[in-house]
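Reader: Please set out the structure below in a series of questions and answers.

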Amino acid sequence: MKAVIAIVIAAGITLLAAPLPTYAQAPSTPEARLKALNITLPPDTAPIANFVNSVQTGKLLFLSGNTSGAAWNGKGKLGKDLTVEQGRAAARDAGLIMLTKIRTALGSLDRVKRIVKVLGMVNTAEGFSDQPLVINGFSDLMVEVFGDAGKHARSAVGMAGLPGNSPVEVEMIVEFE
């Protein structure tokens, strides 16, 4: 069955009717979506301090906080050194690192049932209040990769500083199968 676009006047007269184009269905698994989006995840790294990257309990995976990676280390504060758009890019990069951590812990992103909770921390200058817009870079990536299962509860907060003077750090909780 083809869908039809129709413009109708209050009297019920159809002025234009044309079939909608049909599009190929989006890939149905997170791993397939990564491939379709041409996203290559960075290599996994070991923690540099006395902690682990993740802890599994029951069907929940708790991921330690990760900054946005070496490319962003030392870049500084949002609202002083970086724009919101740069912050969004840094948050997306943190998301790519987190996807790597999930894949390492679970063996495949396809085991993720839902992204449950995200804490986004933004290195901010005094008076900066757009932390949610910055962390959207992370959240948007999760929805791109996991679809509706990527929609999550979230906090986005400002911090006086982050490790390595990174602009963003994110931690998360994931439900898996």
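Reader: How far away is the nearest side chain of opposite charge to Lys 77, which is buried yet has no salt bridge?

Author: This is a predicted model, in which local features need pLDDT of at least 70 and side-chain atom pairs count only at pLDDT 80 or more, while totals for chains, interfaces and linings use all residues. Residues are numbered from 1 along each chain as its sequence is written, and side-chain values use heavy atoms, with hydrogens and water left out. Buried denotes under 20% relative accessible area, exposed over 50% and partly exposed in between (1.4 Å probe, protein chains only); a salt bridge is a side-chain nitrogen of Lys or Arg within 4 Å of a carboxyl oxygen of Asp or Glu. Lys and Arg count as positive and Asp and Glu as negative, with His and the chain ends not counted; for Lys 77 the nearest opposite charge is on Asp 81, at 7.1 Å.

Reader: With which side chain does the side chain of Lys 77 make a polar contact?

Author: Lys 77 lies in the loop between E4 and H2; helices (H or I, at least four residues) and strands (E, at least two) are DSSP runs, numbered from the N terminus. A polar contact is a pair of N or O atoms within 3.5 Å; within protein, one must be able to donate a hydrogen and the other to accept it, and residues adjacent in sequence count only if both atoms are side-chain atoms. At 2.9 Å, the partner is Asn 123.

Reader: At about what angle to E4 does helix H2 run?

Author: Helix H2 (residues 84–106) lies across E3, E4, strand E5 (112–123) and strand E7 (168–176). Axes are lines fitted to C-alpha atoms, for helices over the stretch in contact (heavy atoms within 4.5 Å), and angles run from 0 to 180 degrees between N-to-C directions. Relative to E4, H2 runs at about 140 degrees.

Reader: What is the relative accessible area of Met 98?

Author: Met 98 lies in helix H2. Leaving aside neighbours within four places in sequence, Met 98 is in contact with residues including Leu 63, Phe 138 and Val 170. Met 98 is buried because its relative accessible area is 0%.

Reader: In what order do the strands of the open sheet of five strands lie?

Author: Two strands pair if DSSP finds at least two bridges between them. E3 and strand E4 (residues 60–67) pair in the antiparallel sense over four bridges, and Ser 54 stands opposite Leu 63 in E4. The sheet has mixed pairing, in the order E3-E4-E7-E5-E6.
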